[in-house]
Amino acid sequence: MANELWPAGQEELCNTDDAPQPTAALIRPEDLCSPENLWAIWRNVRQAYYVSPSWRPDFYVSLAYCGFISVSQAVPARTGSETIPLLIPEIQRTYGVLRFADLHIERNVRKRAAHYELRFDTVFEEVLSALLAYHAENCWLLPEYCDLLRALHCRGPVDILLSETGAKLEVHSIELFDRETGELVAGEVGYAIGTVFTSLTGFTRAGHPSAGKVQLIGLACVLQKSGFSFWNLGHPPREATESSPASMIYKREIGVSVVPRREFLRIWIDARDRPLVRLPPPCSASADEGTPQRQTPATHKPATPQKPAPITTPAPQAEAAHTTKDEAIPAIQGTQEGAGSHVRMMSLGGAVQADGGASMGIAGSTGAGDRGAGDGGAAGDGPRSARGLDVQALIRGFLAT
């Protein structure tokens, strides 16, 4: 069905991120609830960036379920010196996808891995702080976005209201520690949906040049062993052109491939509704192997990509205007038609309203997986003494499969 609904003659554009981007288009919660509107957004391969003033957790979770990767950016208000934080969901033209059979582990990474161990969700706040410091003025993690991640991380697995099969999202911090000093040297934040892990942003401490790649390789080994289908790394690696330098080449070096939107949505739709795969908790590794136990998901019949089913949602509330990403994001201006009548261009020249106090509560959260203080939640991070996974052992286990 995905191939049938895709517009003819757009394959070339769908395979590149280099074509000019239209201005970011306004997207609303109700756009995701309408199968026709959502398919119109997916099929409009000319449009990648959208914008929303909403910081509702259920909206963020729904965007992620529909294949968007969201960042944020503050833009100037029409008057005064204040800025407006906005959520910037992107339905990418192409995605960087790692299929675990393609994972490439360089020899120097295997050697350096002996110095590190990998943990999950033990120092979430420290990871956020490290990300903010590492990216500094170029960081797209606005305070509102950090608060959103904290709320979701604290709750553990969260029900996705758009899903008819009980799909869940779980936010994670990935943490690489120096085994000798106990220092957090690299890490990232991301989320799992079904059997896919999606990375948002990462960091590496100065003085540990190989730690970033060790963290990526270690995480890939854990994802494969735990039963994930593939790893969504967001923007794919790009070769240098006459107009732009190469970027994110490290992704290509570990085996990431470039997947156009149509193909990505095909594999995404199948994997997102599978039972949620959980990352291993602290101290779950065996002392000998340092590898997590593979989870056996419940029986799942592979889904044929279909139009998303409609759901009922609360009436839209007056929501804050808050925004965008980095220099790659097109200007948010003008008043034009977007992917269709379902979405309109947002003019920042108009009046900006403050958020009407929308609750940060997460509708549909299971509650059973809540993280409290001392378990990686917002109220406090877990113990630093928790034993992590031996990255070198993870690599040996992966190579032996």
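## Contacts and overall make-up

In the protein chain, consider the contacts (heavy atoms within 4.5 Å) between residues at least 6 apart in sequence: 78% of them join residues at least 24 apart. This is a predicted model, in which local features need pLDDT of at least 70, side-chain atom pairs count only at pLDDT 80 or more, and totals for chains, interfaces and linings use all residues. Residues are numbered from 1 along each chain as its sequence is written, and side-chain values use heavy atoms, with hydrogens and water left out.

The secondary structure of the protein chain comprises 12 helices and 15 strands; these are DSSP runs numbered from the N terminus, with helices (H or I) of at least four residues and strands (E) of at least two. Of the 401 residues in the protein chain, 54% are buried, where buried means under 20% relative accessible area, exposed over 50%, and partly exposed in between (1.4 Å probe, protein chains only).

## Partners of β8

Two strands pair if DSSP finds at least two bridges between them. Strand β6 (residues 116-120) runs antiparallel to β8 and is joined to β8 by 5 bridges; here Phe120 stands opposite Ile174. Strand β7 (residues 158-159) also pairs with β8 in the antiparallel sense, over 2 bridges, with Val158 opposite Leu169.
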